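Take a look at the chain below, with its ligand. We will walk through it part by part.

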Amino acid sequence: MKQFTSVKDIDNVGDLVREALQIKQNPYAYESLGKRRTLGLVFMNPSLRTRLSTQKAAQNLGMNVMTVNADKDSWALEFQDGAVMNTTTVEHIRDAAPVLGNYCDIIGVRCFPGLLSKEVDTSEHIMHQFIKWTKKPYISLESATLHPLQSLADAVTMVEHSRVKRPKVVLTWAPHIKSIPHAVANSFAEWAVAQEVEFVITHPEGYELDPQFTQGATIEYNQQKALEGADFVYVKNWSSFADYGKLLCHDQNWMLTLRHMEATNQARVMHCLPVRRNVELSDEILDSPHSLVQAQAENRVFAAQAVLKRMLENL
Ligand code: CP
C-alpha cells in the first residue's frame, strides 16, 4: 500500500478489517517489521485519538515516530505556488515536505478544511502537496473531505459487535454550535456502502453530503423513520455542503436520546469523539450500554496498525 486516503485505496474492506482484528489478538506479532523505520506525523489541527493511536500502532510495529504540530512547534507553512511570502507564512511546502521525506519512511498528515471555499477544500490541495513533495507513502490522519483511519476503526467495531449478518446502519446528523467539517460523515458513508450493510443517512433538508461519497445509500429526512429497526446508529454533526460550511438547523430534537432508541433494534450507538455532551449526543446514551464510543477509540490503534503494516511490507 502506497497511500491511505480513502476506501478507494484498498481492494477489499473485509480483508483489511480481518487483518486489524487479527492484529488486535496479538499486537506485537510484527514488532520487528518497523525496525529502523520512521513515521513522521504532521498535525495542522488538534487531535487526541488519531495522534496517540497512530503513535501507539507504529510503536507496536517497532517504528520510530516523530510528530510535528505545524505552525506551533514548526514553521507556518505556505501552500500557494508563486506566493510572495511577506506576511505570516514562513516556510513553503516545496521546501519543508522534502525535508520530512528525507527523515521519514512514511508520512501522516492531518489537514482540516477551511470551510470557506468548497472548491479549495474538495481539491484536497494541502494533502496533495504533501504527497507530491515528500514522495513517501502517505496516511491521511483526516483530510479536508475524508477520515479513513476513523472509518476503518468503525468498520472493525461494527464487525465485532454485529448480531446479524447484514445489519441496518444509520448515519444521523446531530446538532452542534459551530460549523463542523464533513470528513467523518463522508468517510463513514463511503466505507458503509462498500460493506455488507443496509445503509441509511438521515439529516435535515439542506444537509445532503457530497453525493460522490453517498451513492448507494438511502437518504431519509425523517429521523424517526430512519431509525426503525437500526442495529447501529452513527451520530455526527456536519455543516451544510450545498450552502457550504453554513449552520442551517438548530433543532435539538435531532440529538439522540433513549426515546429515539425505542424504534431501533436495541441499536449500538457510535460517535468518533470528541463529542459535545448534551448538544450532539445525550449523557443518557453515552453512559449507557448502547454506547460503543470507547470500543471505537480502542480500535483506532489496530486500524492504524493494519495500514502501517501493509505500508511497511511494501517499502
Ligand atoms: N476521532 C478523532 O479523529 O479524534 P481526534 O480528533 O482526537 O484525533
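Two salt bridges cross the interface of domain 1 and domain 2. A salt bridge here is a side-chain nitrogen of Lys or Arg within 4 Å of a carboxyl oxygen of Asp or Glu. K24 and E160 form a salt bridge, with their closest N and O atoms 2.8 Å apart. This is a predicted model, in which local features need pLDDT of at least 70 and side-chain atom pairs count only at pLDDT 80 or more, while totals for chains, interfaces and linings use all residues. Residues are numbered from 1 along each chain as its sequence is written, and side-chain values use heavy atoms, leaving out hydrogens and water.

Where are the two domains? Domain 1 covers 3-146 + 300-313, and domain 2 covers 148-296. These bounds come from an automatic or database domain assignment. The domain centres, taken over C-alpha atoms, are 25 Å apart. Domain 1 brings 33 residues to the contact and domain 2 brings 32 residues. Contact means heavy atoms within 4.5 Å.

The size of an interface is often given as the accessible area lost when the parts come together. Domain 1 and domain 2 bury about 2600 Å² between them, and 72% of it is on carbon and sulfur atoms. Buried area is the accessible area (1.4 Å probe) that two parts lose on being put together, summed over both. In domain 1, L115, L146 and R300 lose the most area to domain 2, together 26% of what that side buries.

Polar contacts cross the interface too. The count between domain 1 and domain 2 is eight residue pairs, both residues at pLDDT 80 or more. A polar contact is a pair of N or O atoms within 3.5 Å; within protein, one must be able to donate a hydrogen and the other to accept it, and residues adjacent in sequence count only if both atoms are side-chain atoms.

Which helix or strand gives the most to the side of domain 1 that touches domain 2? It is α1, with six residues. Helices (H or I, at least four residues) and strands (E, at least two) are DSSP runs, numbered from the N terminus.

Now turn to the ligand. Among the residues around the ligand are S47, R110, H147, C272, L273 and R300; each has a heavy atom within 4 Å of the molecule. A polar side-chain atom of R110 lies 2.9 Å from a ligand oxygen atom. The backbone takes part as well. A polar backbone atom of C272 is 3.0 Å from a nitrogen atom of the ligand. For L273, a polar backbone atom is 2.8 Å from a ligand nitrogen atom.

Two backbone features stand out against a general rule. Most residues other than glycine have a negative phi, and most peptide bonds are trans. L273 and P274 are joined by a cis peptide bond, with omega about 5°. P274 lies in the loop between β12 (268-270) and α11 (283-286). L115 has a positive phi, near 60°. L115 sits in the loop between β6 (106-110) and α4.

Last, back to salt bridges. The rule counts 14 of them. One joins the side chains of E190 and K8, at 3.7 Å from N to O. This pair links distant parts of the chain, 182 residues apart: E190 is in helix α7 (residues 183-192), and K8 is in the loop between β1 (3-4) and α1.
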